[in-house]
Amino acid sequence: MSATTILDTAPLGALIRYTDNSPKPPARFTKKLAAWERSNGVGRLVKKEPPRAYPTWTAPASFTLHEGNFSSDGVILVTIMRTHLADSALTFKVAEEPKPGQVRVLVDFGGCTELLHLAESVTAAELWIAREGYRNARLEIVGSEGGDRAGDAELAA
């Protein structure tokens with residue numbers, strides 16, 4: 001499916017696979033393999049952005065995938081996020097949708113909603129918020145009609 005279809009249909013928290021449909025090169029070709037990995041991968045859908053008009057140009061619609069973290073001793077050092085534009089030539093596929101009953105921890109920023117964490121339960125989500133210190137986060141239970149909020153989390157850091 002196209003990037004536009006992902007923007008229209010995929011829910012926040014879904015695992016999205018993307019590919020350029022080229023075969024994976026052998027491991028001995030390290031530069032070719034690195035280039036292939038930039039165009040073929042998987043990530044969790046964390047943000048969708050509509051097109052934005054600026055005085056001199058218009059930014060196309062896009063979505064952001066969280067591909068992973070590099071950490072040391074339990075401390076996240078680098079977070080890998082990749083943003084794809086609506087007119088991307090890559091092929092996308094929803095590999096897995098969030099399960100009903102899971103809880104999205106969301107924050108509204110810059111006119112967009114961003115997924116911070118996908119928890120197994122409301123209790124786990126509240127503990128994550130308390131540990132991470134997000135004061136303006138809100139919870140949303142996956143599968144609730146109309147995306148009703150589970151409640152606003154206003155926990156102090």
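In this predicted model, Val-103 touches His-117, Leu-118, Ala-119, Ser-121, Val-122, Ala-125, Leu-139, Glu-140 and Ile-141, when residues up to four places away in sequence are left aside. Val-103 has its place in strand β8, and because its relative accessible area is 0%, under the 20% cut-off, the residue counts as buried. The C-alpha atom of Val-103 is separated by 35 Å from that of Tyr-54, a residue 49 positions away along the chain.

**The chain as a whole**

The chain contains three helices and eleven strands, and from the N terminus on these elements follow one another in the order α-β-α-β-β-β-β-β-β-β-β-α-β-β. The C-alpha trace spans about 50 × 45 × 35 Å along its principal axes. Of the 157 residues, 30% count as buried, while the chain exposes about 9700 Å², of which carbon and sulfur atoms supply 53%. Among the contacts with a separation of 6 or more, 51% are accounted for by residues 24 or more positions apart.

**Salt bridges**

Side chains of opposite charge can pair when their charged atoms come close. In this chain the count comes to eight salt bridges, and the table gives three of them, including two that share Arg-138.

| Residue pair | N to O distance |
|---|---|
| Glu-49 and Arg-52 | 3.7 Å |
| Asp-108 and Arg-138 | 3.3 Å |
| Arg-138 and Glu-140 | 3.8 Å |

In the pair formed by Glu-49 and Arg-52, Glu-49 is partly exposed, with a relative accessible area of 23%, and Arg-52 likewise counts as partly exposed, at 26%.

The salt bridge between Asp-108 and Arg-138 links distant parts of the chain, since Asp-108 lies in strand β8 (residues 103-109) and Arg-138 in strand β10 (residues 138-141), 30 residues apart.

Together with Arg-104, the residues Asp-108, Arg-138 and Glu-140 are linked in a network of salt bridges.

**A nonpolar patch on the surface**

Which residues form the nonpolar patch on the surface? The patch is made up of Phe-70, Val-75, Leu-77 and Val-78, which together have about 400 Å² of accessible area. Strand β6 (residues 75-85) contributes the largest share of the patch, namely three residues, while Phe-70 has its place in strand β5 (residues 62-72). With a relative accessible area of 54%, Phe-70 lies over the 50% cut-off and therefore counts as exposed, in contrast to Val-103, which is buried at 0%.

Methods: Residues are numbered from 1 along each chain as its sequence is written. This is a predicted model: local features need pLDDT of at least 70, side-chain atom pairs count only at pLDDT 80 or more; totals for chains, interfaces and linings use all residues. Side-chain values use heavy atoms; hydrogens and water are left out. Patches are made of residues with over 30% relative accessible area and no salt bridge: like charges are joined within 9 Å, nonpolar side chains (Val, Leu, Ile, Met, Phe, Trp, Tyr) within 5 Å. Accessible areas come from the Shrake-Rupley method with a 1.4 Å probe; for residues, only the protein chains shown count as cover. A salt bridge is a side-chain nitrogen of Lys or Arg within 4 Å of a carboxyl oxygen of Asp or Glu. Helices (H or I, at least four residues) and strands (E, at least two) are DSSP runs, numbered from the N terminus. Buried means under 20% relative accessible area, exposed over 50%, partly exposed in between (1.4 Å probe, protein chains only). Contact means heavy atoms within 4.5 Å.
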